[in-house]
Amino acid sequence: MPVASMNMILITIIVYFVFVISLSEQGSINDHMCQINRGLLCVKDELATIARKAQEIAGTILEIEQEIKQRITMGTLNKYVNIEMNSTHASLPSLYYHLHFFQKSNIGKEYLIKLLLEAHNAMIYFSNTIDDLRHLKGFFAQKIDDRFKKIQTSLKDQMICRYRNVLYVYSQSWQSMYEVNDRIEFSKMIHSDSSDVHSVRSIVIGRHLRQWMEDLTAVIEKLEGKLV
């Protein structure tokens with residue numbers, strides 16, 4: 001085989017392995033959603049920003065529920081909200097590491113990474129769920145959808161991307177938006193009109209998301225004192 005051909009084959013093999021290794025190292029960064037901060041990064045500041053955004057989202061969720069209740073007569077919709085709150089628990093993202101965090105006197109790097117990944121994937125889960133909500137139609141849906149769209153933007157830009165920045169510091173890969181396909185699984189509510197379905201699901205999504213915001217904020221606030 002000519003030397004030139006052999007060199008070309010070797011170059012192709014090297015390029016291929018560099019590409020594969022790059023994908024392996026980057027994990028699931030290839031959804032191109034975030035501009036990862038590869039410079040000097042203060043993990044404490046990133047987590048503090050996440051906690052602050054979580055509190056803002058929790059406040060917005062309360063406003064959304066109050067707005068829905070002011071616009072419509074809840075009546076039997078309260079029954080549907082309670083039913084959906086109970087039935088959707090099985091499809092919620094795991095809170096295992098966040099809940100067990102409070103039972104531990106201290107944690108190491110491995111547990112921290114599991115916390116970060118659990119929260120990262122949960123934020124994608126809720127972003128997926130908001131996408132589903134925004135495909136529904138309802139009489140007052142547009143204004144509520146606009147507010148959820150802002151929440152979704154905060155989840156992506158201010159939370160998911162910041163979790164990725166911290167995970168990058170620890171050389172940890174993560175799943176992309178394309179790989180986390182889970183979302184809240186609702187019942188059909190066959191005998192309800194689209195406006196009622198949208199209102200019920202908005203409240204249910206909001207309550208589940210607000211609980212997550214409160215739990216991850218509580219973890220972040222205690223994290224520095226437990227990390228060894």
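## Contacts of Met123

Leaving aside residues up to four places away in sequence, Met123 touches Leu155, Met159, Ile160, Tyr163, Trp212, Met213 and Leu216; a contact here means heavy atoms within 4.5 Å. The model is a predicted one, in which local features need pLDDT of at least 70 and side-chain atom pairs count only at pLDDT 80 or more, while totals for chains, interfaces and linings use all residues. Residues are numbered from 1 along each chain as its sequence is written, and side-chain values use heavy atoms, with hydrogens and water left out.

## The nonpolar core

Met123 also belongs to the largest nonpolar core, which has 62 residues. A nonpolar core is a set of buried Ala, Val, Leu, Ile, Met, Phe, Trp, Tyr and Cys residues joined through side-chain atoms within 4.5 Å. The residues with the most contacts inside this core are Met123, Ile151, Leu155, Met159, Trp212, Met213 and Leu216. Two or more residues each come from α2 (43-71), α3, α5 (109-134), α6 (141-169) and α7. Helix α5 gives the most, with 13 residues.

## Overall architecture

The protein has seven helices and zero strands, so that from the N terminus on its elements run α-α-α-α-α-α-α. Helices (H or I, at least four residues) and strands (E, at least two) are DSSP runs, numbered from the N terminus.

Of the 228 residues in the protein, 42% are buried. Buried means under 20% relative accessible area, exposed over 50%, and partly exposed in between (1.4 Å probe, protein chains only). Among contacts with a separation of 6 or more, 84% are between residues 24 or more positions apart. The protein exposes about 12,700 Å², of which carbon and sulfur atoms supply 54%; these areas come from the Shrake-Rupley method with a 1.4 Å probe, and for residues only the protein chains shown count as cover.

## The buried side of α3

In helix α3 (residues 77-87), the buried residues are Leu77, Val81, Glu84 and Met85. They lie on the same side of α3 because they cover an arc of only 105° around the axis, the arc being that of the directions from the helix axis to the C-beta atoms. The buried residues of α3 pack against α7 (194-226).

## Aromatic rings and charges

Four aromatic pairs are found in the whole structure. Rings of Phe, Tyr and Trp (its six-membered ring) pair if their centres lie within 6.5 Å; planes under 30 degrees apart count as stacked, over 60 as edge-to-face and the rest as tilted. The pair of Tyr96 and Tyr97 is edge-to-face, because the ring centres are 5.0 Å apart and the planes stand at 85°. Tyr96 is partly exposed, with a relative accessible area of 45%, and Tyr97 is partly exposed at 24%. The rings of Tyr125 and Phe126, with centres 5.1 Å apart and planes at 85°, are likewise edge-to-face. Tyr125 is buried at 2% relative accessible area, and Phe126 is buried at 0%. One aromatic cluster is formed by Tyr96, Tyr97 and Tyr111.

Charged ends also sit over rings: that of Lys79 lies over Tyr80, 5.2 Å from the ring centre, and that of Lys226 over Phe101, 4.5 Å from the ring centre. The criterion is that NZ of Lys or CZ of Arg is within 6 Å of the ring centre and within 35 degrees of the ring normal.

## Tyr178 in the loop

Tyr178 is in the loop between α6 and α7 and is exposed, at 60% relative accessibility. Although Tyr178 and Asp31 are 147 residues apart in sequence, their C-alpha atoms are 7.1 Å apart in space.
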